[in-house]
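Here are a few exercises to work through with the structure open beside you. Try each task before you read its solution.

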Amino acid sequence: MKKISFILAGFILSWTAGAWAQTTFTVSANIPAGTGVGFTVSQVNATTNAFTTMPAGTTALNFGTLQLTNVGTAGSPNYIFLPTIYWALDIAVTGGAGSPNTTVTYTDGAKPTGAVSSLGVKGTVMFTKEVYTSSTTPPTETGIGTKKRFLDLVSFNVPASSVSGGWLRAYIGIWNGNTTQTFPDPSNGQPFTTGDAAGTYTGTLTFTETVG
Amino acid sequence: MIVRIVFLAFFACGVIAGEAQAQLYLENGKVVLAVSGGEHTNGSLIIRNTSADQADVKVYWEDFKYKPPYDGSKDFLPASTVTGSASQWVTFYPQSFSLPPFGQQKIDYSVAVPGSIDKGHYGVLFFEKSSLAVTNGEGVNLVTRVGCLFFIEPTDKNKNAAIENVKLEGNESFSASFANHGNIIIIPRTTYYIMQEGGLVLLRGEANKVYVPPGAAATIEIPLKKKLSPGRYTLVVNADLQEGDVAVKEISLAVDASGQITIVNS
């Protein structure tokens, strides 16, 4: 428990025989250094970038069946499999008197028989700091570090100071190699191509919140 | 009689506002215990479900260690794999439960310290919410967990620390090394001020927060908030190690006519 004391400066102004009486009160309160975490999950249209908020408790972020796409943008191979959506996680941390730090770790899950590469090298995450502007305009967005492959999230830390005054967002997508987009894809990623085994590719992103 | 009462209250609220409410909220994010060899102690934690959905929660222990740049970044590792793990000392109950919407659960823990304790022992009790998994196609599963850090330290702890290697960084800030030579993790609150020769304090500030395990050193940054006029000054760096312990460093500075700062001695 953190003990936080503050002075409540009170002036009792009384009219008694022409005199002012002044009293100072000290008030103390205990605020626990707790920690909490919650998510708002949004599905984002990859063409229009329109957000659709998902029901509370959504934890399975499925990219659906990927489409063979002629990307034709800087740094991208021509024909690769891409989803029509990507995901945005708004991560609300609460800390009472504490300042929770976020740690993110990825672990590979399933991949089809015969697959060489896992989702870990084909998926990407970009962390951003979002700052509220108004109810009708999007938040101001600042990148935290650079976009990473899932596999490179090994105890990746986002200190509380990185999102001070705002909140943490994670954009989760499939590598397309585009080097000209706002947050360019990492050069060490790989696309899904016709050379990849067909089937299910999964992984787990673990978000950990601790105070101090 | 006329009585007028005016109250003025000043307080700061430090809440990081997000778009979602926390679904799991742990009331105590940190347990700090000062213990002697052979001591047994008990306590409890409260976890709340702040959402309208039921949450199935499992509770388990892991070790952790702070890692460079010691800004609070941690590695979480399986229980009993880190030197100084407290995993064998702590038991807790229950280890899994369901939290109804807006419900809460008390978790009791017990700490049994062996015959002697020569340094700090640490670990984290995690509360992890179960999640639905992606079963077909390509996708990722989200897992969320909140942790309560346990700091179990000897009553006769050694908080020996020093501020070393003060350097000028581009005439606009200083850096220094906070070295932990003791036997517990130290999380100092480091403040500084610059004094003129006559003793007048020109500026004050607070350095970045660092989390320094025994035997490690972290860089603290001391920004100069305004330009110094030519003359001689003293930079005083004060690291509050808590419980009345401090590490202090005084550095003599000289500023020439061009505004260039020189460290005279440190």
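**Exercise 1. Find the strand order and the pairing in the open sheet of three strands in chain B.**

Step 1: Start with the order, which is β12-β13-β16, with antiparallel pairing. Strands here are DSSP runs of E, at least two residues long, numbered from the N terminus, and two strands pair if DSSP finds at least two bridges between them.

Step 2: Now look for the edges: β12 (161-169) and β16 (217-223) of chain B each pair on one side only. From one strand to the next, the twist averages 25°, with axes being lines fitted to C-alpha atoms and angles running from 0 to 180 degrees between N-to-C directions.

Step 3: Zoom in on β13 (residues 173-180) of chain B, which is joined to β16(B) by seven bridges. Pick B:A176 and you'll find its bridge partner in β16(B), B:I220.

A word on the model: it's predicted, so local features need pLDDT of at least 70 and side-chain atom pairs count only at pLDDT 80 or more, while totals for chains, interfaces and linings use all residues. Residues are numbered from 1 along each chain as its sequence is written, and chains are lettered from A and ligands numbered from 1 in the order in which they are written.

**Exercise 2. Work out how chain B is divided into domains.**

Step 1: Domain 1 covers 24-131 + 141-154, and domain 2 covers 161-265; the bounds come from an automatic or database domain assignment.

Step 2: Taken over C-alpha atoms, the centres of these two domains of chain B are 34 Å apart.

Step 3: Check where they touch: 12 residues of domain 1 of chain B are in contact with 11 residues of domain 2 of chain B (contact: C-beta atoms, placed from the backbone, within 7 Å). On the domain 1 side, β5 (55-66) and β11 of chain B each supply at least two residues.

**Exercise 3. Find the residues with the most contacts inside the largest nonpolar core.**

Step 1: A nonpolar core is a set of buried Ala, Val, Leu, Ile, Met, Phe, Trp, Tyr and Cys residues joined through C-beta atoms within 7 Å; buried takes 20 or more other C-beta atoms within 10 Å of a residue's own.

Step 2: The largest core has 85 residues, and the ones you want are A:I91, A:I172, B:F178 and B:V212. Strand β11 (residues 138-154) of chain B gives the largest share, seven residues.

Step 3: Beyond four places in sequence, the contacts of B:V212 include B:Y70, B:F178 and B:I185.

Notes: A residue is buried if 20 or more other C-beta atoms lie within 10 Å of its own, exposed if 12 or fewer, and partly exposed in between; C-beta atoms are placed from the backbone. Helices (H or I, at least four residues) and strands (E, at least two) are DSSP runs, numbered from the N terminus. Two residues are in contact if their C-beta atoms, placed from the backbone, lie within 7 Å.
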